[in-house]
Amino acid sequence: MNKKRYFALALALVLAVGLAGCGTGGTDNGGGEGEYTIGLVVSTLNNPFFVDLRDGAQAKADELGASLIVLDSQDDAATELSNVEDLVNQGVDLIMINPTDSDAVGSAVAAANGAGIPVITLDRSANSGDVVAHIASDNVAGGEMAGEFIVEQLGGAGKVVELEGIPGASAARERGEGFNAAIEGTDLEVVARQTANFDRAEGLSVMENILQAQPEIDAIFAHNDEMALGALEAVKASGRDIMIVGFDATDDAVAAVEAGDLAATVQQLPKDIGSIGVDTAMKVLGGETVDEYIPVALELVTQ
Amino acid sequence: MGKFSLKGRNWKQFLSDNKPVVVLLILVVTMSFLSDRFLTWSNIITVLRQTSINAVIATGMTFAILIGGIDLSVGSVLAITGAIAASLVASGMNIILVVILTLLIGLGIGLLNGLLISKGRLQPFIATLGTMTLLRGLTLVYTQGRPISIFGSDTSAMFSKIGTGYFLGIPIPVYIMLVVFFISWYTLNHLKIGRYTYALGSNEEATMYSGIKTDNIKLFVYAVAGVLAALAGIIVTARLGSAQPTAGSGYELDAIAAVVIGGTSMAGGIGTIFGTAIGAMIIGILNNALNMLQVSSYYQDVAKGVVILIAVLLDRKQRKSR
């Protein structure tokens, strides 16, 4: 009787772990002759933006014949560090990190540096450690684009709400900086400025609260589309007419712009960030020198 | 069987009493076949270090679950104590003082949980759900939502050694974990308060009628959980070199999983620190193994869920058949 149970357990475990591994083509990554293995540690794969980034990187890796290992940090800095350590133990040739946080990623970069593995950061930068290249959208320019668009649409005066991203994240800081620079000197007044942590559900609830508090709002600038779409639900439910501008141009947001629900969204090109990342990684591995900062272009999507 | 019968029997008895060990062994053996990088010294060290944080929290959780309680606030305790420790280190305070002060804060929070549950007669789930939310909010207020870096004073490098340092080739957090295991094991098995803890979990009324002050045991148990969560907060902060306001979110669930995989009954009274240690190892190895096998992160949670359910189902069946 006991034996049966052991057998059932063994079988289930092998199914759970083994098959999952083989199913994804779990080849060994010693970095066979000529082929490079690149690790990609993504802050979260629960956000379509980073899924796009991963897809772009994967497509480029397939094209260039590199093998790519993608790990998800689930927005937790400790998990991120564990992921990088696991990649170091696997002996990958280069690690691309999309940090959960610019400060906390320092230990992870140090772990890779200690093993002599070059690091490239994507989207968010690292505040410490040796990074050969940082690839990101020009967020300040994007924030400015959004700000200028709102100024133009409102004719230079009105009340706006700024929904901020994760406090301290460089993307949130830079987008806010660009936006506020663009509206400075105009008659636009920011009546509320709150964080919704780049999250759609929080965008909804935070906006609901702001709508209760502010009788007059003409426009909303959200640091990302998830928050913009959350805010859109709140605005729709309130029946008020408020212009919303998002950032990232995710599929949902572009559809909302086409439907006239969102006024505009700043298009980052996450797939480009991923693919330029892999491209740069291959250059580094090939011994070429690359720029420390590689900005990726942005564009404004309107109806 | 033959000539090994006696030895074999002991071995078998041990394994059938310790199902989690079987799960762990199968996991290790399977993995070493699937990846030649798995059973390397550096990877073993990595897994142990990664596991230490959850193991320390789970040890405290074991005390709470042994008396039939639960502590959901551990992740938030980790966050707020980590943040306070980081700012104290950055201010240049003596490291030993920082550690003592941080552990005392953990103790205070634990005692608060204990008071709410014993004197306040709140359900442990509700009481600690309350403090979990409260402390997460206080952490955001204290940090203003921004990470606090430990760097900027002379003692920063020394503090970060707690998380990143080595002694005789083994990471410091691993020693901390082992010391925590030992003290907890000794407390539960060789001290009066340990026996009372088991007694309270088996039968609260009987324990009360035998003249034991059950309120004091509850205070003690939640204080242990609070102190160990604070200790984990110190390790995480030292490892990362900064305290994240969102640190530790969901850690309570990993800790509960480790305790339950380790064979501790959620009803209380049954369970061991050894089981929890094995449970934490299983979760740690699973995380590491799934990364090594390049399992998509979406499937990782599926696999983890399956292993938790199997481990618990096996344990339950065994208990029933006894």
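1. What covers the buried residues of helix 4 of chain A includes elements of two chains: helix 3 (77–90), strand 3 and strand 4 (119–122) of chain A, together with helix 7 (156–164) and helix 11 (214–240) of chain B. Contact here requires that the C-beta atoms of two residues, placed from the backbone, lie within 7 Å. The model is predicted: local features need pLDDT of at least 70, side-chain atom pairs count only at pLDDT 80 or more, and totals for chains, interfaces and linings use all residues. Residues are numbered from 1 along each chain as its sequence is written, while chains are lettered from A and ligands numbered from 1 in the order in which they are written.

2. Helix 4 (residues 106–114) of chain A is largely enclosed by the rest of the structure, because 7 of its 9 residues are buried. A residue is buried if 20 or more other C-beta atoms, placed from the backbone, lie within 10 Å of its own C-beta. Among the buried residues of this helix are A:Gly106, A:Val109 and A:Ala112. A:Gly116 follows helix 4 of chain A and has a positive phi, near 70 degrees. Helices (H or I, at least four residues) and strands (E, at least two) are DSSP runs, numbered from the N terminus.

3. In chain A, 6 strands form an open sheet with parallel pairing, in the order 2-1-3-4-5-11. Strand 2 and strand 11 (293–296) of chain A are at the edges with a single partner strand each, so one side of each has no neighbour in the sheet. Two strands pair if DSSP finds at least two bridges between them.

4. Strand 1 (residues 37–42) of chain A has 6 of its 6 residues buried and is therefore largely enclosed by the rest of the structure. In a regular strand, side chains alternate between the two faces of the sheet. Both faces of strand 1 of chain A are covered: A:Thr37, A:Gly39 and A:Val41 are buried on one side, and A:Ile38, A:Leu40 and A:Val42 on the other.

5. Strand 1 of chain A pairs in the parallel sense with strand 2 (residues 67–72) of chain A over 6 bridges, and with strand 3 (residues 94–97) of chain A over 4 bridges. A:Gly39 has A:Ile69 as its bridge partner in strand 2 of chain A and A:Ile95 in strand 3 of chain A.

Terms used
Buried ≥ 20, exposed ≤ 12 C-beta atoms within 10 Å, placed from the backbone.
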